[in-house]
Protein chains: 2
Amino acid sequence: MAKEVILLDFWPSMYGMRTRIALREKGVDFEYRDENLREKSPLLLQMNPVHKKIPVLIHNGKPVCESAIQVQYIDEVWPHKNPILPSDPYQRAQARFWVDFIDKKLCLGDQMYEAQRKVYATKGEEQETGKKEFIEILKTLESELGDKPYFGGDDFGYVDIGLIGFYTWFPGYEKFGNFSIEAECPKLIAWAKRCMQRESVAKSLPDPEKVVEFMAMLRKKFGVE
Amino acid sequence: MAKEVILLDFWPSMYGMRTRIALREKGVDFEYRDENLREKSPLLLQMNPVHKKIPVLIHNGKPVCESAIQVQYIDEVWPHKNPILPSDPYQRAQARFWVDFIDKKLCLGDQMYEAQRKVYATKGEEQETGKKEFIEILKTLESELGDKPYFGGDDFGYVDIGLIGFYTWFPGYEKFGNFSIEAECPKLIAWAKRCMQRESVAKSLPDPEKVVEFMAMLRKKFGVE
């Protein structure tokens, strides 16, 4: 019998990582299915007919799409362990604002702004512009973090889950972009290392070396090498 | 003394309309301030330093940005009258999915996909492509609506608020795009007329004739005329 919760995902996806982390924060047992995005499974096409994208969270046979929405859903369905969103409406709105900021500024989607693709998959002036934009986005996030241990304060939560998946891509950005993110954003890197100490995060993020290989493949595909 | 709730907005904004409607659904008294987007007020820049965009909802001196987040905030702060989001977590996730779909597909932002701008502010082949894409998006929404009176079922709610503001732009799309939306999507137009019977909606949407004039100005700005 299939498990109650199935996650259709793709291992380097920072969006999929959000949902993996949220499920693990709640201690929800789930079946992970890695999709081949060049030949999407009939289940993926059936469960996300509108966007045809991973991640898709299937709970009792019913799909929930879009990672930020999945994380909120998980928090609402399993509210008792490790709350993800703050309980105060104003703090909730602020947390949603920052996850929306990450989605708008760092989204990998084909129709949106993607400073970080320029960082690792272009050359020359375009790459320099991309690096500048990317660092500016990270500095905005670092400034929001301030001296707090996590974005929401003392507890790991929604914005941390929204952002931490990008950290596995940092070594690749640094290698192919020939720059140091830690030199620019030391507090953000300290925050990421703090997050990595959580089992839910460590278990959900792939080995950065594997991501570097994946990015090298994408560079070839984009014709950079 | 300033009111407890202030809305920084711009009258033709379908995003601002969402927040106006939500506040009126809840019976919240608010001060409306129309911004000059070519010369943004110091208050707007102070309250939304990240995006510098309207609408901004200011509640007791503190800002909430992004219309979809504002509507959820309003629903959480004033929960007792006219619930906006469904109470069931799965239905909430579905409602969030469709508002996110509207944001991704119909957003007017400069960095995103904007089929509808092509409809009224381009010519020839680009305009024809835009019309085809725009109608496809509306048909997807119409299919989700199905035979229900509102997107969430029997009650006016989150997705209705998310979409209805676009309706004031329809006469302009039709005039400048030289096509009929009603002929393509009769159920969606019937839904829009149903929404317009609500006082919260009727009070929050501008006269479509004024929007047509505004769009004519934009066409000049975009160099179409």
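## Salt bridges and polar contacts between the chains

In this predicted model, 6 salt bridges are counted between chain A and chain B. One salt bridge joins the side chains of Glu76(A) and Arg96(B), with a distance of 3.1 Å from N to O. Between chain A and chain B there are also 8 residue pairs in polar contact, counted where both residues have a pLDDT of 80 or more.

Three elements of chain A give two or more residues to the side that touches chain B: the strand β4 (62-65) and the helices α3 (67-77) and α4 (89-106). The largest share comes from α4(A), with 12 residues. Sorted by class, this side of chain A has 15 nonpolar, 8 charged and 5 polar residues.

## Extent of the interface

The contact involves 28 residues of chain A and 29 residues of chain B. The size of an interface is often given as the accessible area lost when the parts come together. For chain A and chain B, the buried area is about 2,700 Å². Carbon and sulfur atoms account for 65% of that area.

## Confidence

The predictor assigns the complex an ipTM of 0.94 and a pTM of 0.95. The average pLDDT of chain A is 93, and 96% of its residues score at least 70.

Where pLDDT is low, the predicted coordinates should not be read in detail.

## The annotated domain

An unreviewed UniProt entry carries the annotation "domain: GST N-terminal" for residues 3-82 of chain A. Within residues 3-82, chain A is 36% helix and 21% strand.

## Backbone details in the loops

Which peptide bond of chain A is cis, with omega near -5°? The bond is the one from Ile54(A) to Pro55(A). Pro55(A) sits in the loop that runs between α2 (42-47) and β3 (56-59) of chain A.

In chain B, the peptide bond from Ile54(B) to Pro55(B) is cis, and its omega is near -10°. Pro55(B) is found in the loop between α2 (42-47) and β3 (56-59) of chain B. Another backbone detail in chain B concerns Asn60(B), a residue other than glycine with a positive phi, near 50°. Asn60(B) belongs to the loop between β3 and β4 (62-65) of chain B.

Notes: Residues are numbered from 1 along each chain as its sequence is written. Chains are lettered from A and ligands numbered from 1 in the order in which they are written. Side-chain values use heavy atoms; hydrogens and water are left out. Contact means heavy atoms within 4.5 Å. Buried area is the accessible area (1.4 Å probe) that two parts lose on being put together, summed over both. A salt bridge is a side-chain nitrogen of Lys or Arg within 4 Å of a carboxyl oxygen of Asp or Glu. A polar contact is a pair of N or O atoms within 3.5 Å; within protein, one must be able to donate a hydrogen and the other to accept it, and residues adjacent in sequence count only if both atoms are side-chain atoms. Helices (H or I, at least four residues) and strands (E, at least two) are DSSP runs, numbered from the N terminus. Ala, Val, Leu, Ile, Met, Phe, Trp, Tyr, Cys and Pro count as nonpolar, Asp, Glu, Lys and Arg as charged, and the others, Gly among them, as polar. pLDDT is the predictor's confidence in each residue, from 0 to 100. UniProt positions are given in the numbering used here, feature names are shortened, and annotations may be inferred rather than shown by experiment.
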